[in-house]
Amino acid sequence: MASIAAMATGEGAEETVENLPGVAESLIKTHEEASELFAGLSYVLGGASLLALLANFKAFKINNLMQFVVLAISAGSLYFAVEAGRTGGEIRHTEIRSGAVIKTGEQGENAYQNGSENTKKEKDED
């Protein structure tokens with residue numbers, strides 16, 4: 001049910017972020033494909049779960065097999081849920097994109113030390 005709502009609001013979210021600086025169309029497309037795959041798998045999971053419930057109530061011989069089928073589909077669905085979330089996060093969070101350069105605290109400290117040395121030199125010159 002939640003994937004239906006997410007798919008329904010996705011186009012509006014795309015229009016909101018597509019013109020922001022640092023947002024690439026390719027990132028949006030990748031996220032869209034991942035979310036469509038996840039939504040499809042979650043629909044299949046819902047149908048398989050209903051079939052498993054029916055098989056359990058009617059005591060069909062397939063009941064034991066359906067438990068493993070639902071488990072396998074849910075594991076696959078969970079994997080693609082994570083992928084959809086990761087690709088969605090990459091749209092706005094540049095620090096988690098592959099190949100991103102992250103500044104370490106050491107660089108910031110050196111910049112501060114250099115700045116304080118320059119200030120000290122300026123005071124000595126006065």
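How many helices and strands does the chain have? I counted 4 helices and 0 strands, taking helices (H or I, at least four residues) and strands (E, at least two) as DSSP runs numbered from the N terminus. Along the sequence I read the pattern α-α-α-α.

**Ground rules.** I am working from a predicted model, in which local features need pLDDT of at least 70 and side-chain atom pairs count only at pLDDT 80 or more, while totals for chains, interfaces and linings use all residues. I number residues from 1 along each chain as its sequence is written, and side-chain values use heavy atoms, with hydrogens and water left out.

**Whole chain.** I looked up burial, where buried means under 20% relative accessible area, exposed over 50%, and partly exposed in between (1.4 Å probe, protein chains only). Of the 126 residues, 20% count as buried. The accessible surface comes to about 9,400 Å², and 61% of that belongs to carbon and sulfur atoms; I took the areas from the Shrake-Rupley method with a 1.4 Å probe, and for residues only the protein chains shown count as cover. For contacts (heavy atoms within 4.5 Å), I noted that residues 24 or more positions apart account for 62% of those with a separation of 6 or more.

**Helix 2.** This helix runs over residues 25-58 and reaches 50 Å from its first C-alpha to its last, close to the 50 Å expected at 1.5 Å a residue. The expected span is 1.5 Å times one less than the number of residues. I listed its buried residues, among them Leu27, Ile28, Leu45 and several alanines, including Ala48, Ala52 and Ala55. An α-helix has 3.6 residues a turn, so residues three or four places apart point the same way. The cover over the buried residues of helix 2 includes helix 1 (2-17) and helix 3 (63-92). After helix 2 comes Ala59, with a positive phi near 55 degrees.

**Ser42.** Apart from neighbours within four places in sequence, Ser42 is in contact with Ser3 and Ser77.

**Helix 3.** I recorded 30 residues and a reach of 44 Å from first C-alpha to last, close to the 44 Å expected. Its buried residues include Met66, Val70, Ile73 and Ile91, and also Ser77, Glu83 and Glu90. Helix 1 and helix 2 are among what covers them.

Arg92 lies in helix 3 and counts as partly exposed at 47% relative accessibility. Which residues does Arg92 touch, not counting those up to four places away in sequence? I found Leu20, Pro21 and Val23. Pro21 is in the loop between helix 1 and helix 2 and is exposed, with a relative accessible area of 70%. From C-alpha to C-alpha, Arg92 is 9.4 Å from Pro21, at 71 residues apart in sequence, and 6.7 Å from Val23, at 69 residues apart.

**Largest pocket.** I searched a 1 Å grid over the protein atoms alone, where a pocket is an open set of points at which a 1.4 Å probe fits, with protein on both sides within 12 Å along at least five of seven lines; lining residues have an atom within 4 Å of a point. The largest pocket holds about 440 Å³ of space. Of its 20 lining residues, Ala6, Gly10, His31, Glu32 and Ser35 are the closest to its centre. Helix 1 gives the largest share of the lining, 9 residues.

How values were computed
Points joined across faces, edges and corners; volume = space filled by probe spheres on them.
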